[in-house]
Amino acid sequence: NFTFATGTLAVTKANLTVKANDITRAYGESNGTLGVTYDGFGAGESLGTSDVKGTPAVTTTASSASTVGSYAITVGAGGLTSANYNFVFVNGSLNIQKAQLTVTAESKSRRYGSANPTLTYRISGYKNNDSLSAGAVTGAPVLSTSADSTSPINTYAITVDTGSLAAANYAFNLANGTLTVSKALLTVRAENKSRLYGETSPALTFVLNGFVNGENAGVLTGEPTVSTSVSDTSGAGTYDINISGGTLSATNYEFAFAKGAYTIGKATLTDRKSTRLNSSH
């Protein structure tokens, strides 16, 4: 004969792990949204189909001003409730990495034959009102260029190297600049001329000033055009001697032209008088 006795099946709460999501960001940025991940739902449930209600409390001590390092993201019950689950909380971590500063060699320009200007740089990308003067960055980069006073007209790189730059909260992105070497200025001046009225006109000539690097007229090709309105019959006065480019050219020079002056002075007129001598017999 069988005697049947009813037993009891006790269904207890399942454990649901609530883990704070790990975050990695750069120094000076906001934390963004602090979130969690749930793990351990039973019976094919999800957060949306389970009886879990409310949201957990997720916090960290790190702010946008916090320095490079790792900070805990703590998670607690907050407003979470459930009849079917116990909550197991697992903290996460917020990893703050170095922000990027851009170190840019500032572009420069000069004329051929001149010394290089002082090479300078600028730093951009500071966070949290940091600055070089405030001590956020120490040291200085090394700037260099292959151009010297003898380098022909062209564009040359100004390279930037980290040098002694250092910062606790920043890494460095280096950006080269350019040095533009333009043509030197050569003055082409018509030489002044003078003569007396009625005399033969002298040849028109010019002089060159402004050569650099020990150079002379040998680096030029062609000649300027020198002209004047003066003719052999022009009256006394001062006239312009005009000068223009003509066929003059040079690889490393440009030209500034300066007029000359042509002065015709008055001729001296000699008055010869005839003297009659009276003879007595």
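The exercises below, each with a worked solution, concern a predicted model.

Residues are numbered from 1 along each chain as its sequence is written, and side-chain values use heavy atoms, with hydrogens and water left out. Local features need pLDDT of at least 70 and side-chain atom pairs count only at pLDDT 80 or more, while totals for chains, interfaces and linings use all residues.

**Exercise 1. State which residues touch the most other members of the largest nonpolar core, and list the contacts of leucine 94.**

Step 1. A nonpolar core is a set of buried Ala, Val, Leu, Ile, Met, Phe, Trp, Tyr and Cys residues joined through side-chain atoms within 4.5 Å. Buried means under 20% relative accessible area, exposed over 50%, and partly exposed in between (1.4 Å probe, protein chains only).

Step 2. The largest such core has 49 residues, and Leu94, Tyr170 and Tyr253 touch the most other members.

Step 3. Contact means heavy atoms within 4.5 Å. With neighbours within four places in sequence left aside, the contacts of leucine 94 include Ile23, Arg25, Thr60, Tyr71 and Ile73.

**Exercise 2. Give the strand order of the open four-stranded sheet and identify its edges.**

Step 1. Strands (E, at least two residues) are DSSP runs numbered from the N terminus, as are helices (H or I, at least four). Two strands pair if DSSP finds at least two bridges between them.

Step 2. The order is S2-S7-S5-S4, with mixed pairing. Strand S2 (23–26) and strand S4 (57–60) are the edges, each pairing on one side only.

Step 3. Within this sheet, S5 (residues 69–76) and S7 (residues 92–97) pair in the antiparallel sense over five bridges. Isoleucine 73 stands opposite glycine 92 in S7.

**Exercise 3. Determine how strand S8 is enclosed and paired.**

Step 1. Strand S8 covers residues 99–105; five of its seven residues are buried, so the strand is largely enclosed by the rest of the structure.

Step 2. Strand S13 (residues 170–175) runs parallel to S8, joined by six bridges. Here alanine 99 stands opposite tyrosine 170.

Step 3. With strand S10 (residues 121–124), S8 pairs in the antiparallel sense over four bridges. Alanine 105 stands opposite tyrosine 121 in S10.

**Exercise 4. Describe the loop between S10 and S11 through tyrosine 126 and asparagine 129.**

Step 1. Tyrosine 126 lies in the loop between S10 and strand S11 (142–145), and its relative accessibility of 23% counts as partly exposed.

Step 2. The side chain of tyrosine 126 reaches the backbone nitrogen of leucine 132 at 3.2 Å.

Step 3. Asparagine 129 is found in the loop between S10 and S11 and is exposed, with a relative accessible area of 80%. Most residues other than glycine have a negative phi. Phi of asparagine 129, however, is near 60°, a positive value.

**Exercise 5. Find the salt bridges and say which parts of the chain they link.**

Step 1. A salt bridge is a side-chain nitrogen of Lys or Arg within 4 Å of a carboxyl oxygen of Asp or Glu. The whole structure holds three.

Step 2. Lysine 19 and aspartate 22 meet at 3.5 Å, N to O.

Step 3. Glutamate 254 pairs with arginine 111, the closest N and O atoms being 2.7 Å apart. Glutamate 254 is in strand S20 (residues 253–258) and arginine 111 in strand S9 (residues 108–111), so the pair ties together parts 143 residues apart in sequence.

Step 4. Lysine 259 pairs with aspartate 240, with closest N and O atoms 3.5 Å apart. This pair links distant parts of the chain: lysine 259 in the loop between S20 and strand S21 (260–265), and aspartate 240 in strand S19 (residues 237–244).

Methods: Polar contact = N/O pair within 3.5 Å; in protein donor to acceptor, adjacent residues only side chain to side chain.
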